Amino acid sequence: MNPVRNENLKNTNLHPEISNGVNIKVQNLRFAYKAQAEILKNLSFQIPASTFLSIAGPNGAGKTTLLNLLSGLLKPASGSIEIDSKPISSYSVRRLAKKVAVVRQEFVPVFEFSAAQVVSMARTPYLGALAFETNADKEAIAEALEMTDTARFADRPLGHLSGGERQRIFIARALAQQTPILLLDEPTNFLDMKHQVGIYDLLKKMQIEKQKTIVSVTHDINLAAQYSDMVLLLSADSSYSFGPTREILTTERIERVFDVQTFSAQIGQTKFFFPLGKFTKSQSSPPGF
Amino acid sequence: MTDLLTPRSLINKIALCLAALVVVMFVCSLVGTQKISLSAVFAGPGDTPGQNTDYDIFVRVRIPRIILAALVGAALAASGVALQAILRNPLAEPYILGISSGAALGVMTAALAGVSWSFLGGSPMAAMAFLFAIGTVWLVWFTGHLAGGSTVTSLLLAGVVINAFFSAVIMLMTSLIDSEQLRSTIMWLMGSIGEKDFSTLLASAIFIIAGITGLFTISQKLNVLAFGAGEAQSLGVNPRRITLVAFALASFITAVAVGLSGLVGFVGLVVPHSVRLIFGPDHRQLLPTSALLGAAFVVICDTIARTIISPAQLPVGVITAIIGGPVFLILLSRYSKKVGNLR
């Protein structure tokens with residue numbers, strides 16, 4: 001294996017017009033945590049409405065940081081983020097919650113809220129002064145439970161559900177929030193293969209049926225290859241590549257960004273990638289393996 | 001979908017708890033060292049003062065004391081609910097976190113500075129109690145973060161340390177008080193419900209009910225905050241603002257309760273936990289029902305405190321601690337694993 005190190009990737013920035021309107025526009029974004037080197041440098045990309053974007057890259061490349069910037073949780077050091085052609089800083093917390101829903105890595109609160117109660121919290125930005133759910137709120141909650149196939153365990157405490165069921169509940173909550181944009185941080189972490197595909201099928205369904213813009217941070221290049229329209233590949237050295245999935249996910253680039261020897265295979269329309277360790281049992285393996 | 005709260009079910013539950021409180025207050029008002037005949041009470045005060053002792057004891061001693069106990073219970077239970085939500089920690093409680101001793105230190109400081117022991121009605125003691133309570137919240141939060149984030153153990157540890165420190169300072173102050181005041185001060189510090197005049201009760205009732213109402217208006221947001229600041233913000237809740245408001249209101253009603261009764265511990269732990277087991281974790285109903293049942297709990301504890309070694313009386317804080325201590329240990333063993341990893 002002879003990986004090419006420290007080479008800046010060319011910024012492809014293709015901006016294909018997949019559908020009308022631009023939901024998210026990021027320009028010259030910079031961010032650094034206190035007293036640390038910049039984790040994101042001069043990042044610029046546009047995500048057209050109803051796009052499925054995967055954000056991938058090695059650990060520490062700034063994937064979750066970027067998600068927190070897009071959700072307004074962190075403020076950029078410089079540069080701008082626009083949601084629906086308006087700067088993210090111009091949104092109140094409540095108005096932004098009507099535009100962007102976030103599914104973070106799994107978290108179970110200490111209080112035993114039922115799954116339905118958790119989903120109902122999605123309606124918080126819509127509730128009136130008395131903070132009781134109206135019929136419209138209840139319809140949104142019921143629809144979200146139905147779409148995510150979670151209604152049958154909605155009355156059970158969240159802590160009593162399996163990891164996959166809990167993740168579906170948090171996606172149901174994001175759906176009940178009725179936002180055009182959905183951000184997810186490694187939604188298939190800790191899930192088995194069946195549930196990984198189940199979650200991504202669900203996200204794709206939401207993209208197609210509800211015209212949502214989906215931005216998902218993932219470590220799974222092959223899920224990204226199968227489901228996303230576009231990919232943002234962040235490198236540890238703050239360079240990045242952005243564009244249509246097939247153009248961004250190439251064996252050469254994956255080897256460079258992840259610093260690992262990779263084989264690829266085409267199955268149908270999709271190219272799949274397999275990282276190879278030093279002891280892989282293949283033709284190139286050393287004798288004895 | 002069956003468990004989403006509706007205004008009707010909330011009103012039903014509040015009515016149920018209110019009825020329970022009224023029954024408890026009525027029954028406890030009849031219990032005491034001195035046996036009282038209800039018919040004598042209903043006969044009225046009589047023509048000259050002291051003519052009808054049953055009436056005098058019932059109206060002038062028992063009823064004010066029971067109202068006072070109810071106010072203290074409501075304030076401490078509601079404060080516990082709010083603190084548990086914002087700290088995402090079922091073991092948070094004004095006494096355990098040291099907020100009560102902070103408020104007590106405020107009262108003691110005001111007392112030593114020469115203010116009389118009468119509470120409220122323009123006395124700076126209330127303000128001092130509140131300021132010290134708020135200061136303690138900040139101190140516990142700050143120390144807890146120094147000790148490794150807002151995990152269950154670091155916050156509790158910070159509360160225990162600050163509680164111990166304040167107790168030492170209070171003891172030092174107590175030793176400076178002349179012997180006449182000493183006994184009443186120590187009884188007050190151990191949490192005692194004595195006689196208070198009507199204006200004190202009225203003012204405290206207004207403050208406590210206003211504080212609990214304030215907390216109720218943010219109770220749905222407390223649900224969301226239980227998932228963490230980031231989650232709350234994504235769901236349209238400003239976590240800093242709600243945390244600040246909840247801390248201020250919880251400290252305020254705790255300070256009023258401490259001014260009334262001294263250090264009564266564990267009410268904010270036992271009551272919200274029990275109510276959660278009955279009605280579930282939704283803060284929109286947890287807060288008002290905990291306040292009402294907390295009131296009933298302290299009325300019962302105070303009735304035990306004033307009758308169990310009669311004619312002498314125990315501080316009510318002794319009874320709540322005897323009940324609350326074991327509950328705390330059970331909850332600690334149950335939750336420490338679950339919440340130990342929280343950020």
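Of the 289 residues in chain A of this predicted model, buried residues make up 43%. The chain has nine helices and 12 strands. Among its contacts with a separation of 6 or more, 68% are between residues 24 or more positions apart.

Chain A also touches chain B. On the chain A side, 31 residues take part, and they are in contact with 30 residues of chain B. Four elements of chain A each give two or more residues to this side: helix H2 (93-97), strand E6 (100-103), helix H3 (115-120) and helix H4 (135-147). Sorted by class, the chain A side has 19 nonpolar residues, together with six polar and six charged ones.

Within chain B, one helix pair can be followed in detail. Two packed helices are described by the angle between their axes and the distance between the axes. For helix H3 (residues 53-87) of chain B and helix H8 (residues 198-217) of chain B, the axes come within 10 Å and cross at roughly 25 degrees. Because angles under 35 degrees count as roughly parallel, H3(B) is roughly parallel to H8(B). The crossing of H3(B) with H8(B) is left-handed.

The residues that meet can be picked out on both helices. H3(B) contributes B:Pro64, B:Ile67, B:Leu68, B:Leu71, B:Ala74, B:Ala75, B:Ala78 and B:Ala82. On H8(B), their partners are B:Leu201, B:Ser204, B:Ala205, B:Ile208, B:Ile212 and B:Leu215. In this contact of H3(B) with H8(B), 13 residues are nonpolar, one is polar and none is charged.

Conventions
Residues numbered from 1 in each chain as written. Chains lettered and ligands numbered in written order. Predicted model: local features only at pLDDT ≥ 70, side-chain atom pairs only at ≥ 80, totals over all residues. Axes fitted to C-alpha atoms, helices over the stretch in contact; angles between N-to-C directions. Parallel < 35°, antiparallel > 145°, perpendicular 65-115°, else oblique. Left-handed = near helix turned anticlockwise from the far one by under 90°. Contact = placed C-beta atoms within 7 Å. Nonpolar A, V, L, I, M, F, W, Y, C, P; charged D, E, K, R; others polar. Buried ≥ 20, exposed ≤ 12 C-beta atoms within 10 Å, placed from the backbone.
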